[in-house]
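Please look over the sequence and the model shown below.

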Amino acid sequence: MLIRNSIASDPKSFEITSKSTYLNRRSFLQGGAALAGAALFPWSVSAAMPKKFKNLIKSPFSTDEPVNKYDEVTGYNNFYEFGTGKTDPMDNSATFESRPWSVTVDGLCDKPGQLDIEDLLSKFQQEERIYRLRCVEAWSMVVPWVGVQLSSILEKFEPNSKAKYVEFTTLVDKKRFPGQNYPIVPWPYTEGLRMDEAMHPLTLMATGVFGEELPPQNGAPLRLVVPWKYGFKSIKSIVRIRFTDQQPTSTWMQQAPNEYGFYANVNPAVDHPRWSQAKERRIGQFFRQPTLPFNGYADEVASLYKGMDLKANF
Amino acid sequence: MARQKKFPIKPFVFLACLGPALWLVYGTLNGLLGANPIETILRDLGDWALRFLLLGLAISPARRVFGWAWGMRYRRMIGLFAFFYAFLHLSIYVGVDHFFDWNTIWKDIVKRPYITIGMGALLTLIPLAVTSPKIMVRKLGGARWKKLHKLVYPIAIAAVVHFFLLVKADVREPLIYAVILGILLAERAYRALPQAMLRGSGSSSSG
């Protein structure tokens, strides 16, 4: 049923944009990104700029809301592995090496194995998906991710019927992740999804942003993007994916179980104990705007939680 | 006093204290405050309120421990700057961050301990700011004025707790402030100690 769900959405019958429109858009994005990159790292203009994707397809799941600026998306975020400040990820990740990289996929599946980043990039169709991102701290952005629908990756490893959850783990490497020298949160960072959440067509394994491969501060070389959940669910720099029958205990659940639950669905009606979740500040905007249930993706995902008490399962 | 006549230091100290606020104005106008300038302003103002509060509390220990009496001349100004930054901090929270959304703000005050505590600290600072002019010291009488201004201790503790409660996981920064405040309060407790201990040992020997 889970797989059927994915196949139903699989037909690549996305209204294909005319090639010229698409190329124009891409060159615009690339130009913008390159300019922003040069402004941020003037000394690195001649150095290796992130690789650009070719043959990206556009996704019908994309929002048409205005996309945030490149320097907002890559210069303001949480990635405690690089430090707890909002600019620490950008400031402390310049030397991060994301190759070679492979992800161990194991647990309750029939074909456990390794997922090499080069295979992920070359053997899967990459698509651009422009998603809203709502941080649990009540700010938000619109981000043009590039990636692969997670279900199409997970299917290759043939999870069996006992698999009820998927657990994701971030790399531990104190040299590459200086933030891991301090026990701010229990390392490694782990996250989890219910199987049907992981197989949902909206759930993306992102490999890029703004038409380029992910910069380290955004979770290179691959990260989860679950747009209807608070941003911390979208775990970065993943090295392990494990199918399990037990609900994984995420890092933030360990850190503060009364503040962060397993589901972490965006919900304006359930406040964080220390602040309201009713509104959010879209980065770049002066006024706060109302937060929507499931971050505006209720039509797609609300049915996953039918009959559940979302206040208890926060 | 003689030194002050030779060279007017106070205006420079005043300008230095105003510096962080001027920087925020300049940074806002020139887009230098990052992707979320409102958050930057709010945090910076809170940081500076706390720093001036602790600086003000450091002046009399500095005199007692190191013999630096000159600090006393700036104590009132520093205290008033603590109030200035705390007041701007609150104003930005109310008028910009939540844009006078009184419903949300009221819920914050009653439901979130860190807001309740922060708000309490700021309200308690008001009578201290109001009674800072020399004429108020005279009006109240030295003893009563001193008693009133002892409120700065619970205010400083509340300010540090406010900071502690709002961070998500990384408590290192509030911890630094807590340690500094701890030292400043310990110095005072230590000074108060010998007398109390004498009294304590006296009563125990008689009993």
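Two strands are said to pair if DSSP finds at least two bridges between them, and strands (E, at least two residues) and helices (H or I, at least four residues) are DSSP runs, numbered from the N terminus. This is a predicted model, in which local features need pLDDT of at least 70 and side-chain atom pairs, with values from heavy atoms and without hydrogens and water, count only at pLDDT 80 or more, while totals for chains, interfaces and linings use all residues. Residues are numbered from 1 along each chain as its sequence is written, and chains are lettered from A and ligands numbered from 1 in the order in which they are written.

**Strand S6 of chain A**
- S6(A), residues 165–170, pairs with S11(A), residues 238–244, in the antiparallel sense over six bridges, and Tyr165(A) stands opposite Thr244(A) there.
- Five bridges also join S6(A) to the antiparallel S7(A), residues 190–194, where Gly192(A) is the bridge partner of Glu167(A).

**Cysteines**
- The whole structure holds zero disulfides over all chains, a disulfide being a pair of cysteine sulfur atoms within 2.5 Å.
- Cys135(A) is buried, at a relative accessible area of 7%, and Cys17(B) is buried with a value of 7%.

**Lining of the second largest pocket**
- H3(B), residues 37–66, supplies the largest share of this lining, seven residues.

Conventions
Buried means under 20% relative accessible area, exposed over 50%, partly exposed in between (1.4 Å probe, protein chains only).
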